[in-house]
Amino acid sequence: MKEEQDYYYRLVEKIGEGTYGTVFKTVDQRNGDIVALKKVKIRKADDGLPKEFLREVESLKYVSHPNVIKIREVFVGKSNINIVYEFMDSDLDNLTQAMQRPYTINEVKVIMRQLLQGLQAVHSIGLMHRDLKPANILIDKEGTLKLADFGQTRVVDPSFFYTLDVGTKWYKAPELLLGNKKYTEKMDMWALGCILVELLDGCPVFAGSTDFDQIAKIGNLLGKPDPACLSETSAKLQFPDWPIKDLKEHFGGSISDDAIDLIKKLLVYNPSKRISVEEFLGHEFMQISEPEYTKTKAMIGSLINDQH
Ligand SMILES: Nc1ncnc2c1ncn2[C@@H]1O[C@H](COP(=O)(O)OP(=O)(O)OP(=O)(O)O)[C@@H](O)[C@H]1O
Ligand SMILES: [Mg+2]
């Protein structure tokens, strides 16, 4: 960590505002490279360095994969800690909002395959991301996707009681919403299920307004929670008699049978019955020929170009 770096970087524009940092498109004046610079706020409540900063830098040190964002440099500025990343042109949330049409099935496959490959690199070394959502998935003009925002990433340890105060409501797994502190990397698979439906259907599948409303939205589609995802306290709750809906009918028949089968394996209350990254990658829905894959990836890249 050096101080003089502050002078090398010229901020161009603000591109993202998060809970723990502000991200700027920036020029590295030593070589003219465009980079992304996150200024991490140091809060009074922090005892030492902010934990999100430590988690992000520590996790990304161990994960090196083409579908995971890379840190170029970390340095201390005058009143901030700064993380410098490779620059990406957009994120999946911005792209979806700018889209003039629904994603094609092949586009969904190309997006999900890259997301899964990145997540495989995270899960395979025993980490869980804990905040997967479209705004944390970055995309460039080649149509390459990278997982970002590792500020909440932790090691998976079955003996550990984790905080429930992680992730983003709409993508939060039911075991967390129901107070179960012994969760695993399967909570990331729930978020992927939500993202998959969102790409196919065009809108978030469970857009709850509060944690309770979130559970009610899930219950209205999947029925009463399975006892396997309840905590000691939530096991005592009486849930309404939510009927289990037919997913095909619910989505108005617009989602293919193989996609419905995949969704049913992801949006599962019981985390141990929810499929893994490998099972997702091997599912029939994910199959696509390599020429189609390459063509579609370039197509996604051109959508990013159209945004600018
Ligand atoms: N390397 C990058 N290149 C381009 N844009 C980026 C990059 N990293 C982050 N961004 C943009 O900045 C936004 C916020 O970044 P990030 O999610 O890492 O910060 P955060 O403080 O954890 O945010 P939040 O609390 O909202 O999740 C992203 O959603 C994305 O739009
Ligand atoms: Mg974020």
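I found 12 residues of domain 1 in contact with 16 residues of domain 2. On the side of domain 1 that touches domain 2, I noted 6 nonpolar, 3 polar and 3 charged residues. I keep in mind that this model is predicted.

Next I looked up the domain bounds. Domain 1 covers 2-86 and domain 2 covers 90-299. Their C-alpha centres lie 27 Å apart.

Then I turned to ligand 1. I listed 19 residues around ligand 1. Gly16, Gly18, Thr19, Ala36 and Asp149 come nearest. By class, I noted 11 nonpolar, 6 polar and 2 charged residues in this shell.

Strand E1 (9-17) and strand E2 (21-28) each supply at least two of its residues.

E1 and E2 form a hairpin, with 3 residues between them. They pair in the antiparallel sense over 7 bridges. Across this pair, I saw Glu13 opposite Lys25 in E2.

My last entry is on the other partner of E2. Strand E3 (residues 33-40) pairs with E2 in the antiparallel sense, over 8 bridges. Here Gly21 stands opposite Val40 in E3. E2 and E3 also make a hairpin, with 4 residues between the strands. What phi does Gly32 take in this hairpin? I read a positive phi near 80° for Gly32.

Technical notes:
Residues numbered from 1 in each chain as written. Chains lettered and ligands numbered in written order. Predicted model: local features only at pLDDT ≥ 70, side-chain atom pairs only at ≥ 80, totals over all residues. Near = placed C-beta within 6 Å. Nonpolar A, V, L, I, M, F, W, Y, C, P; charged D, E, K, R; others polar. Domains from an automatic or database assignment. Contact = placed C-beta atoms within 7 Å. Pairing = 2+ DSSP bridges.
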